[in-house]
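Here's a quick briefing to read alongside the model. Have the structure open and follow along.

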Amino acid sequence: MAVITDIADAVVAQLNAGTFSQSFTAERAFLPVFELSDLKNVQVTVVPKGVAIIPGGRSHNQHDYAIDVAVQKKLDAADNAEIDPLVTLVDEIADFFRLKRLESYPGAVWLKTENEPVYSQEHLDQLRQFTGLLTFTFRVMR
């Protein structure tokens, strides 16, 4: 399998082994499209995003793999009481990988996490759906 999908699978495994304020089962997908009726519970989707390769020395390259992690849920009231716990979950997931190696792919080292925007205003306004997106970058030297 491709390295990027191996890393995405390692992210899924680590998320599913973790403890968070809300329960979920993470899944890997290439096309994370769901019906609103499927988002009654928190949905966490891991998507391989991209790779940047630059020289790392005479005999190896530095591969920076970007992996997206989406947290989604259909909302009832779309108020602070409903959204705040989801923002907290996104924050917990962001902290979960900080300064760590992936347990089932130890050659991948966490490099950075991006969370911008914190949530999709468009999804909230048009679909009454919370969508938080994290982009993790893991470095592999090979």
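Predicted model: local features only at pLDDT ≥ 70, side-chain atom pairs only at ≥ 80, totals over all residues.

Residues are numbered from 1 along each chain as its sequence is written, and side-chain values use heavy atoms, with hydrogens and water left out. Helices (H or I, at least four residues) and strands (E, at least two) are DSSP runs, numbered from the N terminus.

**Helix on helix**

- Helix 1 (residues 3-17) and helix 2 (residues 80-97) have axes that come within 11 Å and cross at roughly 115°; axes are lines fitted to C-alpha atoms, for helices over the stretch in contact, and angles run from 0 to 180 degrees between N-to-C directions.
- That makes helix 1 and helix 2 roughly perpendicular to each other (65 to 115 degrees; under 35 is roughly parallel, over 145 roughly antiparallel, and the rest oblique).
- On helix 1, V11, Q14 and L15 make the contact, meeting I93, F96 and F97 of helix 2 (contact means heavy atoms within 4.5 Å).
- Sorted by type, the residues of this contact are 5 nonpolar, 1 polar and no charged (Ala, Val, Leu, Ile, Met, Phe, Trp, Tyr, Cys and Pro count as nonpolar, Asp, Glu, Lys and Arg as charged, and the others, Gly among them, as polar).

- You'll find 6 strands in an open sheet, ordered 1-2-3-6-5-4, with mixed pairing (two strands pair if DSSP finds at least two bridges between them).
- Strand 1 (27-28) and strand 4 (101-102) sit at the edges with a single partner strand each, so one side of each has no neighbour in the sheet.
- Strand 3 (residues 61-74) and strand 6 (residues 129-141) pair antiparallel over 13 bridges, and A70 has L133 in strand 6 as its bridge partner.
- Helix 2 packs on the sheet, touching strand 3, strand 4, strand 5 (105-114) and strand 6, and its direction makes about 5° with that of strand 6.
- Strand 5 and strand 6 are also antiparallel, over 5 bridges, with K112 opposite T137 in strand 6.
- Strand 4 and strand 5 run antiparallel with 2 bridges, and a hairpin joins them through 2 residues.

**Aromatic rings**

- The whole structure holds 6 aromatic pairs (rings of Phe, Tyr and Trp, its six-membered ring, with centres within 6.5 Å; planes under 30 degrees apart are stacked, over 60 edge-to-face and the rest tilted).
- F97 and F138 form an edge-to-face pair, 6.0 Å centre to centre with 85° between the planes.
- This pair links distant parts of the chain, with F97 in helix 2 and F138 in strand 6, 41 residues apart.
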